[in-house]
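Please keep the viewer open as you read.

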Amino acid sequence: MSIYVNPFYARASEQHQDAHQFVSTFGAGALDMLPEATWDRLVLLRSSPGAGKTSLMRLFTPENLRWTLERMRQEPVYRQLIELGAIEPDRPLKLGVLIDLDRDYRSLLDLPMPAESARRLFLRLLDVRILVGALRSALTLAGGSFPRDIERVALASTSPDARVDALVERLGGPSAIGILNYAQDTERAILRLLDALLAVDVDAIPEGHNELYALDLLAGSRFEVDGEPLNVQPLLMFDDGHRLEREQRDTLLGELRRRRPTVARWYSERFEALSDQELLSDVGDEGRDVALVDLDSIARSGSADGRRFARGRYDRVLTDVARRRAAPLLAVYAQEHQEFLDLLEDDRDRCLADPSSVLPVLEDRAVGAAAGDDRYKTWIEDARTRAGFEAAVRWRELEVLVLRDQHRQQDLFGEELTDEDLADRSSSALREGAAVAVANEFKLPYYFGASTVVRLGSHNADQFLNLCGDLFAEMLVDISLGRSPRLDVSRQHRVLHRASERLWESIPRTVPNGRDVQVMVREIVAIAHAENAKPRMPYPPGITGTALLMSERQTLLDPQYRAKHPGADRLFAALASAVAHNILQADLDYSVKGNRYMVLYLNRLLCPRFGLPLGLGGFKERRLSEMVNWMQKLPAQGARRRSTDAREQLAL
Amino acid sequence: MNNRWDEYVMASDSSTLPPEAVWDAAAAAGCDLATMYVLGVGFDPRSLVGLQRFLASDHRVSPVIGVVELPPPSQASGLSARALAIDNQSAFEALVGGHEVRRIPHEDVHSRANAGPRVARALTAPEFVSGIGALLIDISSLPASLYFPMVAASLSAADRGLPGFPQEIQVIACENPEIDAAIEKLGVSDAAIVGGFRGSLEHESDPTGTVIWAPVLGERAGPALQAIHNLLAPGDVCPVLPFPARNPRRGDELVLEHQVVLFDEFRVNPASIIYADERNPFDLYRTLSRLQDDFRHALAELEPATVVLSTHTSKLLSLGVLLAAFEHRLPIVAAPAIDYELADVDLTALGSSNALTCVWLGGTPYS
């Protein structure tokens with residue numbers, strides 16, 4: 001076991017209560033992913049797993065707001081929380097209550113009772129957990145401990161509406177101890193029902209609630225601690241809504257959409273590519289009633305107005321998080337004060353150890369393609385002025401550009417092409433495609449440098465931090481040998497390639513329908529390799545995805561279609577699983593050439609394993625029938641029948 | 001500290017006491033009533049090994065077979081697993097011809113945790129066990145989410161003297177490390193509490209206090225360990241390694257396999273590692289009983305502590321987890337594989353390593 005802590009790997013063991021660790025490593029810029037109006041309407045956060053939904057919500061829990069106020073006043077997170085209206089210089093303004101929906105709610109549907117009773121029981125269990133969470137938060141905000149100091153808290157009605165008083169009484173109030181007792185009785189009765197192993201232990205099913213009473217109760221009352229009002233707005237944050245059954249989700253969202261400006265309501269769920277999740281018609285009008293925050297989309301393209309969260313800012317947020325995590329340990333272990341990502345060398349020329357074995361080959365090919373035509377003389381002379389990896393890329397690019405030019409209708413007089421022509425026809429995408437091609441052809445390191453690590457993170461905080469962990473582990477080797485923890489391009493490439501290989505290998509073990517997911521990935525890679533190998537490089541920097549017409553996506557959603565077409569069910573399951581587990585990134589309603597597509601890009605971390613570029617943009621659409629056929633291809637492993645008959649092997 | 005199974009009866013092919021001897025003894029203690037052999041028939045090549053041996057032995061009263069119907073392997077399972085499940089099912093029907101068979105039908109559930117309690121309630125229902133004097137539960141082909149609640153329910157029913165419920169309770173497992181190695185786990189479910197083993201977990205209104213997690217380690221358990229760690233966010237982790245073991249290096253190999261997860265991610269203190277005899281579930285049971293007792297007493301003055309168990313290893317060792325959890329009301333959490341596939345191996349050859357073990361958990365030896 002290493003004596004050094006890897007701050008990226010160790011985040012799994014950081015305690016949820018550790019406000020210091022959490023707030024000091026939080027990337028404050030992520031707060032701008034939230035809309036400005038967050039306190040008076042339902043905020044629906046949606047993203048792929050690992051994008052940071054839970055972390056975003058956790059920042060608003062009382063212990064973290066308090067820590068920010070007490071210890072982080074010089075940090076950006078303090079200013080951002082002030083701007084957002086979550087705190088004032090002397091106190092928190094919100095009472096954050098994080099409610100984990102990854103609990104036993106789904107189990108309620110297995111109890112022997114009508115659906116309506118199950119719905120009511122769901123609301124009652126949720127009610128008591130909201131209230132217990134609110135009590136815990138109120139005490140934490142006041143510096144108390146739950147449940148030890150429970151008698152210090154009370155819930156006082158502030159509403160003239162007699163219904164609120166009745167609700168307070170019904171739920172055991174106004175004393176907190178009464179509410180807690182009601183909650184304990186409810187939880188114990190329901191959980192006993194769920195856990196009964198003997199039929200004789202199945203008690204009578206408790207009465208449920210008609211609606212989410214806790215919302216009205218919190219809207220019409222206030223917490224008092226030691227007789228003093230807290231004067232904070234309750235902020236209910238429901239996490240992991242995708243863990244609920246669909247009808248439970250709809251019930252909860254139906255309750256949350258009702259306007260109660262005095263109770264802020266946030267709800268998070270995982271993005272699903274193959275459901276009608278995106279339909280908000282039952283929840284309310286986006287903007288007035290609901291603010292939909294698509295974290296994946298904002299991370300990739302910035303906020304809709306382009307100002308609040310500019311495109312590309314998410315990369316800086318990630319870089320900031322990495323710096324915050326690594327800096328203290330780099331200083332202690334290696335007296336290293338350079339930033340973590342700056343320790344990753346990114347001089348491309350260093351990857352070309354022996355230019356003489358690469359450049360002449362590429363030059364010969366480009367010059368050969370030009371076939372002595374003077375039209376390309378200036379371009380070729382320009383390339384000869386370059387050196388190192390830049391020259392390699394330019395020769396490869398030139399080869400493509402010459403072939404493209406020859407394919408086009410040539411100028412009648414075959415005029416010599418100029419530097420301006422070259423600049424016009426070149427592009428960063430083409431240069432990236434050329435660089436990947438050179439790296440693949442000559443087995444050169446390609447995946448290295450801070451910006452590459454960020455791109456390999458695939459706009460996913462968890463994945464990015466795991467990659468940082470792999471690189472930090474490599475740095476620890478140097479640190480333990482007393483060397484400077486700088487990683488050259490080859491070592492970075494090796495570490496990142498290994499991470500890519502690990503992701504690929506882990507798919508069957510970690511992703512439901514993993515073998516089928518691998519089949520899909522292989523097919524997309526096959527498309528990519530076929531297209532990217534074309535001499536004129538038609539889709540620079542290269543294909544890394546496929547697409548399905550939105551109309552065909554709708555067809556795939558239809559259970560009757562899936563029942564009729566062998567393989568369709570497996571495609572449906574594999575596709576849903578791949579997107580839910582971040583193996584594929586889905587963009588819905590992508591418009592191109594008058595059609596609308598669901599575009600499916602490979603997770604960027606899979607690209608090194610298959611020698612693909614990291615730039616997004618290149619995809620080749622496929623028909624649904626073809627994708628269904630992919631599933632008919634048997635998985636490479638586990639496809640073989642066992643060799644003997646069951647009866648035969650029973651003969652001991 | 002006295003534990004319920006400090007003294008125990010265990011028979012196995014590798015000991016001088018074969019399983020048939022304790023089956024006979026249980027039948028004799030069963031007051032001239034029939035013995036019921038309960039099993040599940042899935043894809044596992046060891047599904048029917050115990051049943052075949054049981055039916056081949058002499059019975060004064062014709063035995064009854066109880067079968068827990070399992071869902072067929074999904075389309076995402078390997079073809080070999082799907083084919084084996086079908087073959088095992090037809091072999092089972094052939095084996096039990098002429099015997100009374102009582103069935104617990106499979107029912108789809110919304111939550112995996114509810115499947116086990118459902119089956120447990122069906123197993124302990126008076127009509128299911130009527131006329132039965134001894135209950136033998138073969139867990140070789142049953143998932144932990146089912147056999148943990150089944151065994152716990154049977155012990156509870158016997159302890160509470162439910163009318164007509166048999167007092168003699170035995171559990172049978174067919175072990176074969178080579179077959180274990182040939183079974184590839186595909187996908188990992190979300191971590192969840194095993195039905196009936198919630199303990200004090202997920203009672204939001206009754207804080208659990210510090211969670212101490214004791215996972216019994218096995219090969220290829222990394223994804224499950226991470227899923228459970230995410231669910232529990234434990235204050236401390238005490239991994240259990242098999243030692244002594246048939247392969248004396250197995251513990252070291254497990255540490256090597258899981259070193260990043262254990263030491264870099266979970267920050268396990270090497271002093272927290274626990275060892276238990278791979279071939280004796282009662283050794284693990286005693287170890288875990290002592291562990292929970294130590295933590296309970298050590299932290300009593302500070303805050304409540306909950307020891308949570310999970311098992312990622314063989315059926316036999318998992319029994320130790322079950323017994324400790326049952327006696328001390330400890331929560332068990334699992335993140336099982338979703339599908340399975342079998343490597344291309346010669347099962348006939350591997351079958352020669354099958355070894356039956358039978359533990360007698362309730363009834364005559366303890367009265």
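**Conventions**

This is a predicted model, in which local features need pLDDT of at least 70 and side-chain atom pairs count only at pLDDT 80 or more, while totals for chains, interfaces and linings use all residues. Residues are numbered from 1 along each chain as its sequence is written, chains are lettered from A and ligands numbered from 1 in the order in which they are written, and side-chain values use heavy atoms, with hydrogens and water left out.

**Chain B as a whole**

Chain B has 12 helices and 16 strands; helices (H or I, at least four residues) and strands (E, at least two) are DSSP runs, numbered from the N terminus. Along the principal axes, the C-alpha atoms of chain B fill a box of roughly 60 × 45 × 45 Å.

Of the 367 residues in chain B, 59% are buried. Buried means under 20% relative accessible area, exposed over 50%, and partly exposed in between (1.4 Å probe, protein chains only). Chain B exposes about 13,400 Å², and carbon and sulfur atoms supply 52% of that area; the areas come from the Shrake-Rupley method with a 1.4 Å probe, and for residues only the protein chains shown count as cover.

Among the contacts in chain B with a separation of 6 or more, 83% are between residues 24 or more positions apart, where contact means heavy atoms within 4.5 Å.

**Aromatic pairs**

How many aromatic pairs does the structure hold over all chains? There are 26. Rings of Phe, Tyr and Trp (its six-membered ring) pair if their centres lie within 6.5 Å; planes under 30 degrees apart count as stacked, over 60 as edge-to-face and the rest as tilted. Two of the pairs are set out here.

| Pair | Centre to centre | Angle between planes | Type |
|---|---|---|---|
| A:Trp504 and A:Phe610 | 5.2 Å | 85° | edge-to-face |
| B:Trp5 and B:Tyr285 | 5.6 Å | 75° | edge-to-face |

The chain A pair links distant parts of the chain, 106 residues apart: A:Trp504 is in helix α19 (residues 489-510) and A:Phe610 in helix α24 (residues 607-610). Both A:Trp504 and A:Phe610 are buried. In the chain B pair, B:Trp5 sits in the segment before β1 (9-12) and B:Tyr285 in helix α10 (residues 281-299), 280 residues apart. B:Trp5 is buried at 0% relative accessible area, and B:Tyr285 counts as buried at 0% relative accessibility. Elsewhere, A:Tyr590, A:Tyr597, A:Tyr601 and A:Phe619 form one aromatic cluster.

**Backbone details**

Most residues other than glycine have a negative phi, and most peptide bonds are trans. The peptide bond from A:Gly173 to A:Pro174 is cis, with omega near 5°, and A:Pro174 lies in the loop between α6 (162-170) and α7 (176-195) of chain A. The bond from B:Phe243 to B:Pro244 is also cis, with omega near 0°; B:Pro244 is in the loop between β11 (240-242) and α8 (250-257) of chain B.

Where is A:Lys593, buried or exposed? A:Lys593 is exposed, with a relative accessible area of 82%. This residue has a positive phi of about 50° and lies in the loop between β12 (584-592) and β13 (595-602) of chain A.
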